[in-house]
Amino acid sequence: MGFIYYVALFVIVSALAYVLFNYLKIKKMEEGTDEMVEMAAIIRSGSNTFMKTEYKTISIVVIVVAIIFTLFVEKTSGITLIIGACMSSAACVLGMKSATYANVRTSNKARQTLSIGETVKVALCGGSISGLGVQAFGMLGLIAILLIWGIDHDAESSGLLINLKCNPSTMRITTYSLGCSLVAMFNRVAGGNYTKAADISSDILAKLRHDLPEDDSRVPNVIADFIGDNVNDIAGNCSDLLESFVATMAAGILIAATLFSKGDLSESAFQASKMYPIVLAGGGLLSCLLGLIFVQLRKMGDSPSKELNLATYISAGLTLIIGFFTCRALFAGADLPAAFKLGWASPWVSAILGIVSGVAIGMITEYYTSTDFKPTQTLAEMATEGEAFVVTKGDAIGSRSCLLPVLLIAISLFISGKLCGTYGIALSALGMLAFVGTTVSIDAFGPIADNAGGLAESCHLPENVRVITDKLDAVGNTTAAIGKGFAIGSAAFATVSLIVAYVGSYSAGEPVLNFASFVVVAGGILGGSLVEYFSALLTDNTIDSAKKMADDGDKLLSIPGVLEGSVKPDYNVMIQTATQEALRKMLFPSVLALVIPIVGGILFGVEFIGGLLVGATIVAIPRAIFMGNSGGAFDNAKKYIEQGRIPGHGKGSAAHKASVTGDTIGDTRKDVVGVALDIFIKSMSTVANTLGGVIKMITLIK
């Protein structure tokens, strides 16, 4: 079955070739007026500076962790950890760079054509570079590891200095995933602090302190806000979903290997089971490539949501079809266990459950956050009664929105487990992420459109251009909210599959975690409280940074001529402040997720960590959904008022200022805490999987 790897490589290379084609295509487009060229160059330079500075810290951490694994765990695991970090970094840096080229070209296309359809094409073209890059680079590293070292479930190895025996194949796969997780955690924590500190401080200065238009070029924090959209919503999201995608592939392969080693899978079933995650992911990548090409080539109308949804439906549909035929080809002739209740179709049905859940969670998120539906419209109307009504109603919307996504996740996990055992849970998770290339492409559309609208405002483009970019921006807010819902939902699936793989690695038979055990309960309670502590840590860091940036921005606005528009503010001062604040505050929260499972496992054993992971997951998933959806509703309620859809309550009104308060609260929720919680639980689960065998041996020695 080794030829499957080469087929997958061909699909990966094809996707990367299309990524390169789109990248060059974007760069060749005109940027627009001199002012647009100047502003875009500042955004691009600031984004690059932030990433270069951040990666100096990330590189040091990755190298230190790689050396520790090489010396004390398994001698080749440091290499695979670095490969994972490099693949994740390549995807998010490429995505960010393409976004900083696509944003101004999207504005200019609106200026030149006054066509919504043509403008959408430019933004989606830029977003597709991020999306296809995530899926292609995530698969590339894993397949390279499998081609170089293969999978040998009987092999034993150890570190260069300590002879703690472990399976090298398992360690290489889990450390590859851990390398991706390290980059994702740093990107999300630092990027979230940067973008929301800049965004909140910009809103405070423009809308509350000085009554200036949003994205007014006189506000020195505006450019830092534009940069933040790229370093968090693009780079951070790319590394986030790449990590989920890799984790689910890894979990599927590891569970198959564990089941085979315990005698629960025959040789033929094992060969099919270890290959199907690669085949499903490769088929998904091909589906995304075809879906995005089709949408790019067709003539687009004036409904951006319709065009973006079409790309999702094509990608998901083709993934279902390819998954069906490849599943039949792999499993139909294999000696399958009784756990496969539907025979060869069991893995495919499990994957379907994940795919359907992913699409459904996106639709639910859209309902609760889009200006087209009642929840956000009602929230906007509440703004006429003041801030307290806005916050209370927004919280209620966020809480109400948790039930259906969690119910979908629970049902999918239950049915997939019943149909295909623990392997089915991993495939359900992978099914949801199999078309992640399109999901990230559409999600990246949001910040590109947001930047395009900001550039249209700050560069004083005509009102009819701003109407187009505003429409794209509103759609982008919804796609970003859907993307966050998808990221959280996929994190739930990925984390559960990783927990199953972790418990299975030390259980003698069926994976069992005894919740009647005080050790497990203690771990669960601590895991839930850690989620709250992590949330508070990120919120405090962001608000402190925002306050500092608002005060520093006020000082720049007080310089004679800046507020009048005759003198440009020094944007670089605010860019440097945002960068310094974000990087200074990223290390402790990021390292927390890595250290807790190690220390807890060494002190209290493998079952304590199992409880810790379950407790953290149970608390984090609904909290992350609440944060994301309430924040999205707050944001779009403000947009709803700004569009003049509540008569007598437009921009500058008391209702608008009340909605700005809600938006300020929602910013930290949706773009800092909500999106970081999924990384937090995935990182802890990945570390636990990576060191599960070592912790078990240390526990036995004690």
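A: We begin with handedness: a crossing is left-handed if the near helix is turned anticlockwise from the far one by less than a right angle, and right-handed if clockwise. Helices (H or I, at least four residues) are DSSP runs, numbered from the N terminus. This is a predicted model, in which local features need pLDDT of at least 70 and side-chain atom pairs count only at pLDDT 80 or more, while totals for chains, interfaces and linings use all residues. Residues are numbered from 1 along each chain as its sequence is written, and side-chain values use heavy atoms, with hydrogens and water left out.

Q: Which handedness does the crossing of H10 and H11 have?

A: H10 passes H11 in a right-handed crossing.

Q: What is the angle between the axes of H10 and H11?

A: Two packed helices are described by the angle between their axes and the distance between the axes. Axes are lines fitted to C-alpha atoms, for helices over the stretch in contact, and angles run from 0 to 180 degrees between N-to-C directions. Helix H10 (residues 374–382) and helix H11 (residues 387–400) have axes that come within 8 Å and cross at roughly 165°. Angles over 145 degrees count as roughly antiparallel, under 35 as roughly parallel, 65 to 115 as roughly perpendicular and the rest as oblique, and H10 and H11 are therefore roughly antiparallel to each other.

Q: Which residues of H10 and H11 meet?

A: With contact meaning heavy atoms within 4.5 Å, Pro375, Thr378, Leu379 and Met382 in H10 meet Phe389, Val390, Lys393, Gly394 and Ile397 in H11.

Q: How do H2 and H13 cross?

A: The axes of helix H2 (residues 34–72) and helix H13 (residues 436–458) come within 10 Å, crossing at roughly 135°, and the two are therefore oblique to each other. Their crossing is right-handed, and Glu35, Met39, Ala40 and Ile43 in H2 meet Asn451, Leu455 and Ser458 in H13.

Q: Where is the kink in H12 centred?

A: The bend at a residue is the angle between axes fitted to the seven residues ending there and the seven starting there. In H12 a kink of about 135° is centred on Cys420.
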